[in-house]
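Please examine the sequence and the three-dimensional structure shown here. The paragraphs that follow discuss a helix and its packing, and then turn to salt bridges.

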Amino acid sequence: MEDKLMLMIPGPTPVPEQVLSAMAKHPFGHRSGEFSSIMAEVNQNLKWLHQTENEVLTLTASGTGAMEAAIINFLSPGDRVLVGSNGKFGARWVELSEAFGLEVETIAADWGKPLDTEQFQQQLVADTEKKIKAVIVTHSETSTGVLNDLETINRYVKDHGEALIIVDAVTSLGAINLPIDTWGLDVVASGSQKGYMIPPGLGFVVVSPKAWQAYQTAKIPRFYLDLGAYKKASAKNSNPFTPPVNLVVALQVALRMMQAEGLDGIFSRHQRLSKATREAVKALGLPLLAPDHAASTAVTAVAPVSVESDQIRAVIKKRFDIALAGGQDHLKGKIFRIGHLGFVSERDILSTISSLEAVLQELGEDSFTPGAGVTAASRVFAQS
Ligand SMILES: *Cc1c(COP(=O)(O)O)cnc(C)c1O
């Protein structure tokens, strides 16, 4: 049957019908009054979503473009940076920083484990000459389902006093509480196809006053991603280059939906979805990659032992038209990932878990009690 695809991957995520139909119209001029009034509303609501008074700059780029902008606008070749790396996206920060000639000190942890905050503290305390210009961290590590303890790492950065904190919030923005101003985060990057409930194509960067100071002296060359130009345009509810106007219209509608649900509602929904998924997976006897105390509420990574993860993904796609994500790099074929961020409801989790049970049975996995996963998930939903 066509058009029944259920997207349970950590991006692109499902898009509400209201948003899809808002996009389905002719593009219009991005220098028009119509566009700037939409942009005015969108800019205001983006600040609300980001819990910040700083500008939220909208780029035509995927999340990685926003990450690149977060580096090149605030640093100079040869600058020393501390980069947390415990998954595919932490590794991307390392590659990106090295590509622009930064002197990278990596703080690594095994994929599936959270970053050790004490290692950041040691390095920062030891840096009495204030050579470290930035600490760069992935908040929700999508490749493993690990949530890094950004709040604690950020506290050590604040004790250091000089370094900027630069954050990949691509799968935490709009899913997990991230009080940018309360914590004093300097640069926060995210992308539209994750928690924003719209298709891929927009990147977002939030910049603190301290980061704008660093911008003045930063020497990495920049042009299309020069955030100064975006800041200037943003003050006039405009954009330096042609933005994907239909995506901005989509964003306007999605942000209204988010406001109707409220930040607390959004965060607690993600917590319920994550808890139900994890309890269900445990009840099915499948190992979880990330520990409970460091679980991202955006995505759950499962490491099956006696059945192959890629076979589970192939069968659940073929039989039930549910898309699950696989593992990346050395976790390829070893894990599958259930995305539950953005426009995802409790019903979607129950459908996914019951389909997963059916697939496991079809593949001859008989070590669990049929219905145990659905029961465990339902119990979580009944409690909250
Ligand atoms: C999706 C994602 C990105 C950005 O990926 P793009 O494909 O460039 O949008 C970056 N970091 C994390 C943690 C992600 O989940």
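What span should the 12 residues of helix H14 have at 1.5 Å a residue, and how far apart are its end C-alpha atoms? The model is a predicted one, and the question can be settled from its coordinates. Helix H14 covers residues 372–383, and at 1.5 Å a residue it should span 16 Å. Its end C-alpha atoms lie 17 Å apart, which agrees with that expectation.

Helix H14 can next be placed among its neighbours. Its buried residues are Ala-372, Gly-373, Ala-376, Ala-377, Val-380 and Phe-381. These buried residues pack against two helices, H11 (263–283) and H13 (346–362).

Attention now passes to the charged side chains. The model contains 13 salt bridges when a side-chain nitrogen of Lys or Arg must come within 4 Å of a carboxyl oxygen of Asp or Glu. One of them joins Glu-261 to Arg-269, with an N to O distance of 2.7 Å. How exposed or buried are the two partners? Glu-261 has a relative accessibility of 34% and therefore counts as partly exposed. Arg-269, by contrast, is buried, because its relative accessible area of 12% falls under the 20% limit.

A salt bridge also connects Glu-346 with Arg-272, and the closest N and O atoms of this pair are 2.7 Å apart.

The side chains of Glu-362 and Arg-319 form a salt bridge with an N to O distance of 2.8 Å. Here too distant parts of the chain are linked: Glu-362 lies in helix H13 and Arg-319 in helix H12 (residues 309–320), and the two are 43 residues apart. Glu-362 has a relative accessible area of 44% and is partly exposed. Arg-319, at 48% relative accessibility, also counts as partly exposed.

Key. Residues numbered from 1 in each chain as written. Predicted model: local features only at pLDDT ≥ 70, side-chain atom pairs only at ≥ 80, totals over all residues. Heavy atoms only, no water. Helix = DSSP H or I, 4+ residues; strand = E, 2+ residues; numbered from the N terminus. Expected span 1.5 Å × (residues − 1). Buried < 20%, exposed > 50% of the residue type's maximum accessible area, 1.4 Å probe, protein only. Contact = heavy atoms within 4.5 Å.
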